[in-house]
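Hi,

Here is the structure I promised to pass on. Have a look first, and my notes follow below.

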Amino acid sequence: MTTAGFIALVLLLAVAAYACAGGTDYGAGFWDLTAGGAERGRRPRWLIDHAMAPVWEVNNVWLIFVLVIMWTGFPVLFQTVFSSMWLPLALAVVGMVLRGAGFALRKPMKRVAGRRLYGALFAVSSLLTPYFLGAAVGGIASGRVTPGTVASAHAWANPTSVFFGLLTVTATAFLGAVFLACDAERWDAPDLVGYFRRRALASLAVVALLGVAGFLVVRGDAPHLWHGLTRGAGLALVVVAVLCTVATALMLLRGRARWSRFTATGMVAAAVVAWGVAQRPYLIPTSLTIEEAAGAPSTLVWLLFVSLGAVVLVGPALVLLYWLDTHGELESLTESDLRQGGGGSAAGRD
């Protein structure tokens, strides 16, 4: 494998990591949007706030990693994508900003109207941002974006883009429901375990149906991608995604929500990697290969060292953060905890 090919693999794995980590957060926002009115949605939103608080900011590290690799390692790809699809990508970025502001500001707001406004920003942005990101990926996968392409709706408003956008939204909703069911189990909230487990199964069924429909669309609209997904490594990864789908459904039906996190993540990661592998040797079928899009050889070598250094330095910290979060070590202090801490300090001073 060439240096450019290895960097492309790193880029693909970073995209898969963001799809899983960031996708879980977007999915939580989807269920926040559909939770219902203030009283009906109080318990689900309480769980969403507690589950997302420790990790929602750090999940965007993967997106920054993706952008840095694209910009530095494959400048032609970066220029092509961002010049031809600046509108959906700009809308996605605006959604990220509004989503973060909404989540951060809705809880400390004292007025009900303010909480509703920021909550609506968080929830709606959690729906629109993954759609536009998926639509942009669809434009790439279908080969409608080529070097020199001018910005137009045709690049991201086409059959493949629409299905990729819808599939991205439903996949994030699925991941969010699976992880929230696990969090509800950890916080001993059996009513919310069943609540989110039912939604995980429903969204998984929609993902499966859209996946089948998407294959039919891709066959006629993105022939190169179809060829890669039905042969070799691409087909093997599709099979892995299908097996993870079945395993997740069985675990959810049997009430093993905790283990379903791994198979659900495996399903989404396998699907993303299958897309990237199916495009080989192109970054944009069939107009831009990996070697054509790559930057200078010296730049790629340095980028390789920087990427490995980031994995060594940042990777363990992220793993530790996710482990602490999933094991309940990052729960926020309650008023009783603060009173006990204050009482202990006073006793010590006496």
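Which residues touch the most other members of the largest nonpolar core? They are W31, L180, F196 and L225, in a core of 53 residues. By nonpolar core I mean a set of buried Ala, Val, Leu, Ile, Met, Phe, Trp, Tyr and Cys residues joined through side-chain atoms within 4.5 Å; buried is under 20% relative accessible area, exposed over 50%, and partly exposed in between, with a 1.4 Å probe and protein chains only.

Before you go further: this is a predicted model, where local features need pLDDT of at least 70 and side-chain atom pairs count only at pLDDT 80 or more, while totals for chains, interfaces and linings use all residues. Residues are numbered from 1 along each chain as its sequence is written, and side-chain values use heavy atoms, leaving out hydrogens and water.

(Helices are DSSP runs of H or I with at least four residues, strands are runs of E with at least two, and both are numbered from the N terminus.) L180 is in contact (heavy atoms within 4.5 Å) with A28, W31, L47, I48, A51 and F196, leaving aside its neighbours within four places in sequence. There is also a second, separate core of 30 residues, which includes V10, L89, A136 and A293.

Next, the helix pairs. The axes of α1 (residues 3-33) and α2 (residues 42-52) come within 10 Å and cross at roughly 165 degrees. Axes here are lines fitted to C-alpha atoms, for helices over the stretch in contact, and angles run from 0 to 180 degrees between N-to-C directions. The two helices are therefore roughly antiparallel, a label for angles over 145 degrees. D25, A28, W31 and D32 of α1 make this contact with R45, I48 and M52 of α2.

With α7, the axis of α1 comes within 6 Å and crosses at roughly 85 degrees, so this pair is roughly perpendicular (65 to 115 degrees). Among the residues that meet there are G27, A28 and W31 in α1 and G176, A177 and L180 in α7.

Most residues other than glycine have a negative phi, and most peptide bonds are trans. The bond from R280 to P281 is cis, with omega near -5 degrees, and so is the one from P285 to T286, with omega near -15 degrees. D188 is not a glycine, yet has a positive phi of about 55 degrees; D188 sits in the loop between α7 and α8 and is exposed, at 64% relative accessible area.

Cheers

Key: Angles under 35 degrees count as roughly parallel, over 145 as roughly antiparallel, 65 to 115 as roughly perpendicular and the rest as oblique.
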